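Dear colleague,

I am handing over the structure we talked about, and you will find it just below.

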Amino acid sequence: MSCKILISNDDGYHSVGIRSLVDMVKDMGEVIVCAPESARSGYSCAFSAVPPLRLKRRYNMGSDVEVWSCSGTPVDCVKLAVDQLYGGQMPDLVLGGINHGDNSTVNAHYSGTMGVAIEGCLKGVPSIAFSYCDHSEEVTLDHLTDYVRRVVAKVQAEGLPKGVCLNVNFPKRDAFEGVRMCRMTRGQWINEVVKERHPLGYDYYWMVGEYRNDEPDAPDTDQWALNHGYVAITPTRIDLTAYDMMDFDI
């Protein structure tokens, strides 16, 4: 039986990244795309609790890959796809990406692409998020193909532990030093708000910021791997429990 692969992202159904990912894996299973109708970066695991959603058939990629768009968030896309496109049955694999931009370290908490993988994981489906550390919409991603296929094939063959998804990040370069299994780097975004004054007399704000790596020399982290030319794979748990605090006495 063919593997049913659901692909979504947070850059929109029309992005270069999602088209590239489909091309890379379309012969590895029965692929359906359900992605936001426009960019939804930073939506993380948000879903639409109030506004009604629209699901629209767009076109086929190639001869047999259906492409659908959703007016909501990346997580909405997964939920709607399962209910409406798979008839309530689960796909065998959920893929997010390929994202235009870095989703390593704390960025994973904000990422809609990771939201796709986390939602799949919450539903008990092996799930992988792919990201490339370049925000350009014109980027060429063909050199990622072998690595993407290797990761997908391994997960197809072996599955993933319950409650674990994979966060895969590629450094911005034409060739890679290899692959490293990594932990999430400790760091944070700083100087995040720029205040401006509008000519009409009110203040407005830009959310910007710069990332600060709090452990730049730690070789077991995803940021170290990316900075040294490696593909960084971070196994990510959806269980947020701090088990080392279970004996905390009050």
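**A patch on the surface**

Val 193, Tyr 205 and Met 207 together make a nonpolar surface patch of about 360 Å². Please keep in mind, here and in everything below, that this is a predicted model. Of these residues, Met 207 has its place in strand β11, which covers residues 203-207, and with a relative accessibility of 63% Met 207 counts as exposed, because the cut-off for that word is over 50%.

**An enclosed strand**

Strand β5, which covers residues 93-100, gives another picture: eight of its eight residues are buried, so this strand is largely enclosed by the rest of the structure.

**Aromatic rings**

When the whole structure is searched, seven aromatic pairs are found. One of them is formed by Tyr 13 and Tyr 59, a tilted pair with 6.1 Å from centre to centre and 50° between the planes. This pair links distant parts of the chain, since Tyr 13 is in the loop between β1 and α1 (16-25) while Tyr 59 is in strand β3 (residues 55-61), 46 residues apart. Tyr 13 is buried, with a relative accessible area of 12%, whereas Tyr 59, at 28% relative accessibility, counts as partly exposed.

Tyr 147 and Phe 170 also form an aromatic pair, which is edge-to-face, with 6.4 Å between the centres and 75° between the planes. Because Tyr 147 lies in helix α5 (residues 145-158) and Phe 170 in strand β7 (residues 164-170), the pair ties together parts that are 23 residues apart in sequence. Both Tyr 147 and Phe 170 are buried, and together with Phe 176 they form one aromatic cluster.

**Charges over rings**

Finally, there are two places where a charged residue lies over an aromatic ring. Lys 79 lies over the face of Phe 47, at 5.8 Å from the ring centre, and the charged end of Arg 180 sits over the ring of Tyr 230, 5.2 Å from the centre of that ring.

With best wishes

Terms used: Residues numbered from 1 in each chain as written. Predicted model: local features only at pLDDT ≥ 70, side-chain atom pairs only at ≥ 80, totals over all residues. Heavy atoms only, no water. Buried < 20%, exposed > 50% of the residue type's maximum accessible area, 1.4 Å probe, protein only. Helix = DSSP H or I, 4+ residues; strand = E, 2+ residues; numbered from the N terminus. Patch = residues over 30% accessible without salt bridge, like charges linked within 9 Å, V, L, I, M, F, W, Y side chains within 5 Å. Areas by Shrake-Rupley, 256 points an atom, 1.4 Å probe, with all protein chains shown as cover. Salt bridge = Lys/Arg side-chain N within 4 Å of Asp/Glu carboxyl O. Phe/Tyr/Trp six-rings, centres within 6.5 Å; stacked < 30°, edge-to-face > 60°. Lys NZ or Arg CZ within 6 Å of the ring centre and 35° of its normal.
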